[in-house]
Amino acid sequence: MSLQVRAIDPADTDGITAYARIRSAVAPEDADTPEQARWEDATYPGQVTRFLALADGEAAGTATAGRLHIYAPEHERFYLGAWVLPAWRRRGIGSALYGAASDTARAAGKTGFRTWVSERQVQGVQFLAARGFVTVGRDKIVGLDLRGMV
């Protein structure tokens, strides 16, 4: 298998579309859209880097690394998100994406990552634990469907 990981230029429409498609397929509870990615890039220019992994020329995984906007810019950690399509897992794609994101974080002077992952994403939890991530808190997410409201 040939593997290429590249940063996605914010102007790369096809790359941003592939990023959103993969992220939304892997984690529908944390889906993203090209429009949301464009808004984020316009609102926080240069503060988020997205990556695309191509396996045998096919978009197989994606990742993001960047500023945790709930903290000041000088916060010691970056956000990390990584999503690999199920058919491509256990082939080194997640590790390659993690490596690219780690390089970006180190180049920005960051000392680590913080991320959120659903317990339903068992393989994702295992992937992170194997790299030294530890649980520092748990969140509950609630939702409200407004379609039936008057």
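Helices (H or I, at least four residues) and strands (E, at least two) are DSSP runs, numbered from the N terminus. The model is a predicted one, in which local features need pLDDT of at least 70 and side-chain atom pairs count only at pLDDT 80 or more, while totals for chains, interfaces and linings use all residues. Residues are numbered from 1 along each chain as its sequence is written, and side-chain values use heavy atoms, with hydrogens and water left out.

Which residues of α1 are buried? They are G15, I16, A18, Y19, A20, I22, R23 and V26, where buried means under 20% relative accessible area, exposed over 50%, and partly exposed in between (1.4 Å probe, protein chains only).

The loop between α1 and α2 holds D32. D32 counts as buried because its relative accessibility is 8%. Leaving aside residues up to four places away in sequence, D32 touches Y19, A20, R23, S24 and A37. Two of these neighbours can be described further. The side chain of D32 makes a polar contact with that of Y19 at 2.6 Å, and another of 3.4 Å joins the side chains of D32 and R23. A polar contact is a pair of N or O atoms within 3.5 Å; within protein, one must be able to donate a hydrogen and the other to accept it, and residues adjacent in sequence count only if both atoms are side-chain atoms.

Methods
Contact = heavy atoms within 4.5 Å.
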